[in-house]
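The tour below goes from the whole chain to single residues.

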Amino acid sequence: VEKKGAMSHFEEPLDLIRLSLDERIYVKCRGERELRGKLHAYDQHLNMVLGDVEETVTTQEVDEDTYEEIIRTSKRTIEMLFVRGDVVILVSPPVRTN
């Protein structure tokens, strides 16, 4: 896959991850977890080491009395985090403007 006019080109999907090393990325995980952090390392299974991570967890509950859906969001920061590749749904590189 090659993007026209881009200085770097992609020969395989993991090239996108390689070009995001030492950059802040967004990772959507199973279980309604979202991570934003600096990518320090990864492997072919998408296991990743992220630094300065902001984790957002979204939970949905139903109030038993009113049957109203309640959506809660909790956030925390983590200095260093190992992310196992089998929980990764999506990885988004940083936005680059040329």
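What percentage of the 98 residues of the protein count as buried? The figure is 24%. This is a predicted model, and its accessible surface comes to about 7400 Å², of which carbon and sulfur atoms hold 49%.

**Colour by confidence**

Start with pLDDT. Its mean over the protein is 89, and 89% of the residues reach 70 or more. Now select residues 1-7, where the pLDDT is below 50. Beyond near neighbours in sequence, this stretch has 5 contacts in the model. Where pLDDT is low, the predicted coordinates should not be read in detail.

**Switch to cartoon**

The protein has 1 helix and 5 strands. Followed from the N terminus, the elements run α-β-β-β-β-β. Of the contacts in the protein with a separation of 6 or more, 43% are between residues 24 or more positions apart.

**Select the sheet**

In what order do the 5 strands lie in the open sheet? The order is β4-β3-β2-β1-β5, and the pairing is antiparallel. At the edges are β4 (69-83) and β5 (88-92), each of which pairs on one side only. From one strand to the next, the twist averages 25 degrees.

**Select β1 and its two partners**

Take β1 (residues 24-29) together with β2 (residues 33-42): the two run antiparallel and are joined by 6 bridges.

Follow the chain from β1 into β2. These strands form a hairpin with 3 residues between them. In the turn, Gly31 has a positive phi of about 75 degrees.

β1 and β5 pair in the antiparallel sense over 4 bridges. Here Cys29 stands opposite Val88 in β5.

**Show the nonpolar side chains**

Which residues have the most contacts inside the largest nonpolar core? They are Ile25, Val27, Leu35, Met48, Leu50 and Val83, in a core of 14 residues. The elements that each give two or more residues to this core are β1, β2, β3 (48-62), β4 and β5. In soluble globular proteins, nonpolar side chains tend to be buried together.

Centre the view on Leu50. Leaving out residues up to four places away in sequence, Leu50 touches Ile25, Val27, Leu35, Gly37, Lys38, Leu39, His40, Glu79, Met80, Leu81 and Val83. Ile25, Val27, Leu35 and Val83 are also among the residues with the most contacts inside the core.

Select Thr56, which lies in strand β3. Is Thr56 buried or exposed? Thr56 counts as buried because its relative accessibility is 7%, and the cut-off for buried is under 20%. Residues up to four places away in sequence aside, Thr56 touches Glu32, Arg33, Glu34, Thr73, Ser74 and Lys75.

Now select Asp52, also placed in strand β3. At 53% relative accessibility, Asp52 counts as exposed, the cut-off for that being over 50%. Check the backbone as well: Asp52 is not a glycine, yet it has a positive phi of about 50 degrees. Most residues other than glycine have a negative phi.

**Last stop: Asp22**

Where is Asp22 found? Its place is the loop between α1 (14-18) and β1. Asp22 is exposed, with a relative accessible area of 52%. Its phi is positive, about 65 degrees, although Asp22 is not a glycine.

Draw a distance from the C-alpha atom of Asp22 to that of Lys38. The two atoms are separated by 5.8 Å, while the residues are 16 apart along the chain. Not counting residues up to four places away in sequence, Asp22 touches Lys38, Leu39 and His40.

How values were computed. Residues are numbered from 1 along each chain as its sequence is written. This is a predicted model: local features need pLDDT of at least 70, side-chain atom pairs count only at pLDDT 80 or more; totals for chains, interfaces and linings use all residues. Side-chain values use heavy atoms; hydrogens and water are left out. Two strands pair if DSSP finds at least two bridges between them. Axes are lines fitted to C-alpha atoms, for helices over the stretch in contact, and angles run from 0 to 180 degrees between N-to-C directions. A nonpolar core is a set of buried Ala, Val, Leu, Ile, Met, Phe, Trp, Tyr and Cys residues joined through side-chain atoms within 4.5 Å. Buried means under 20% relative accessible area, exposed over 50%, partly exposed in between (1.4 Å probe, protein chains only). Contact means heavy atoms within 4.5 Å. Accessible areas come from the Shrake-Rupley method with a 1.4 Å probe; for residues, only the protein chains shown count as cover. pLDDT is the predictor's confidence in each residue, from 0 to 100.
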